[in-house]
Amino acid sequence: MKQIKRVVMAAALALTATLAFPLFSAGAQAADTAKCGTYYSYVQQGGLYVQSSSGSSGKQLVAPKTGHKVSSCVADSTYIYYTAASTKGTSSSLYRVKPDGTGKKRIAKISAKNVTLLDAGNDTVYYSITTKSGKVNTRRYGISKGRSYSVKTDFVGDQYCNGYLVGTPKTTAGKAASLYTVRGLTNDYVRVSRNCVAYRILNNKIYFVESSAANTVRAVKYCDLNGGNIRTLATNIKNVNLKKVVPDKTSLYYISSKTAGTVYGYNFSTKKKTKLLSGLSSKATVTPLGSTVVVQNPKKKFYTIPESAGKAVQQGSLGSGTVTNIIGKTYFKKTGSRYSLGTLTE
């Protein structure tokens, strides 16, 4: 895989309006829930809670709410990272703590109050700052170096995983774009694809769709986070709304561009298409949450889909809430600023 240093991001690279980025939500985890080893953490009412993934027992308040408010968290394989702002101040602090509540340490002061953590891994923490004017600035913090750096990319639809940043150059209408990945604090870009029209990070892999023309799907592929080991999963997938595609290890799930509200599964091994759900709202979504594929029908029900393209399993009622994350068999449903936890049906 060719390494490209200080790549000049050509504005001429482009996409059609129907395939516009960002195509998928960024990151494998939501910014306010995270997994660390066998534990999960979540932010609720200004506190950071850690819980065993085996169930609802053992809930522990790791970062107390007194005097400051925790705003977001991410995790790597060892630590949970979180931001906390003084209830009276204008700055935030970046902390890390082990999931058992030990090893708590403040590792940086951030001169902004509205901070959202995006990802942690490979000695790097990505975060964004929202200014009073509403502008969002993305930065990365080098833990061992003890300093913050700008994110030197011109990407759209940025996605992060384990210290990697994946994205495409800014585009105008008309053509597919090159897809790049860059690790941690480096500025060495690896080009994953020259003709990418869709991409997603899932299970520490980059899944992407290549097209030979603006509206012709050529292949669905995946590779490692560093851009290596590219493999083809499926070719000639037609009538797919590329904004609503979820690949996993064995299947491709999508909402058809011709039949809104109908979810299909395409099995890579058998090369067969199966209708999984129909009669959903035209605003229904297909999303990877953790290692689970989820269909959400706004204000109604949500469903999960097994790895093979089999039947979808009806789960809880959404109401006005949204399922934001699934870790193990536990799901998080967010309604306003509050989380409720539930257990997935077998």
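**Exercise 1. Start from Tyr 40 and Tyr 42: work out how their rings are arranged, and where the pair sits.**

Both tyrosines, Tyr 40 and Tyr 42, are buried. Remember that we're working on a predicted model. Next, look at the geometry: the ring centres of Tyr 40 and Tyr 42 are 6.4 Å apart, with 35° between the planes. Pairing needs centres within 6.5 Å, and planes under 30 degrees apart would count as stacked, over 60 as edge-to-face. So the Tyr 40 and Tyr 42 pair comes out as tilted.

**Exercise 2. Which kind of pair do Tyr 40 and Phe 332 form, and what does that pair tie together?**

Take the numbers first: 5.2 Å centre to centre and 85° between the planes, which makes the pair of Tyr 40 and Phe 332 edge-to-face. Now place the residues: Tyr 40 is in strand β4 (residues 39-44), while Phe 332 is in strand β32 (residues 330-335), so their contact links parts 292 residues apart in sequence. Both Tyr 40 and Phe 332 are buried. Finally, zoom out: Tyr 40 and Phe 332 belong to one aromatic cluster with Tyr 42, Tyr 49 and Tyr 339.

**Exercise 3. Find the charges over the faces of Tyr 79 and Tyr 264.**

For Tyr 79, go to Arg 96, which lies over the face at 4.3 Å from the ring centre. For Tyr 264, pick Lys 273, over the face at 4.7 Å from the ring centre.

**Exercise 4. Trace the open sheet that contains β28 and β29.**

Write down the order: β27-β28-β29-β30, four strands with antiparallel pairing. The edges are β27 (285-289) and β30 (313-317), each pairing on one side only.

Notes: Residues are numbered from 1 along each chain as its sequence is written. This is a predicted model: local features need pLDDT of at least 70, side-chain atom pairs count only at pLDDT 80 or more; totals for chains, interfaces and linings use all residues. Side-chain values use heavy atoms; hydrogens and water are left out. Rings of Phe, Tyr and Trp (its six-membered ring) pair if their centres lie within 6.5 Å; planes under 30 degrees apart count as stacked, over 60 as edge-to-face and the rest as tilted. Buried means under 20% relative accessible area, exposed over 50%, partly exposed in between (1.4 Å probe, protein chains only). Helices (H or I, at least four residues) and strands (E, at least two) are DSSP runs, numbered from the N terminus. A charge sits over a ring if NZ of Lys or CZ of Arg is within 6 Å of the ring centre and within 35 degrees of the ring normal. Two strands pair if DSSP finds at least two bridges between them.
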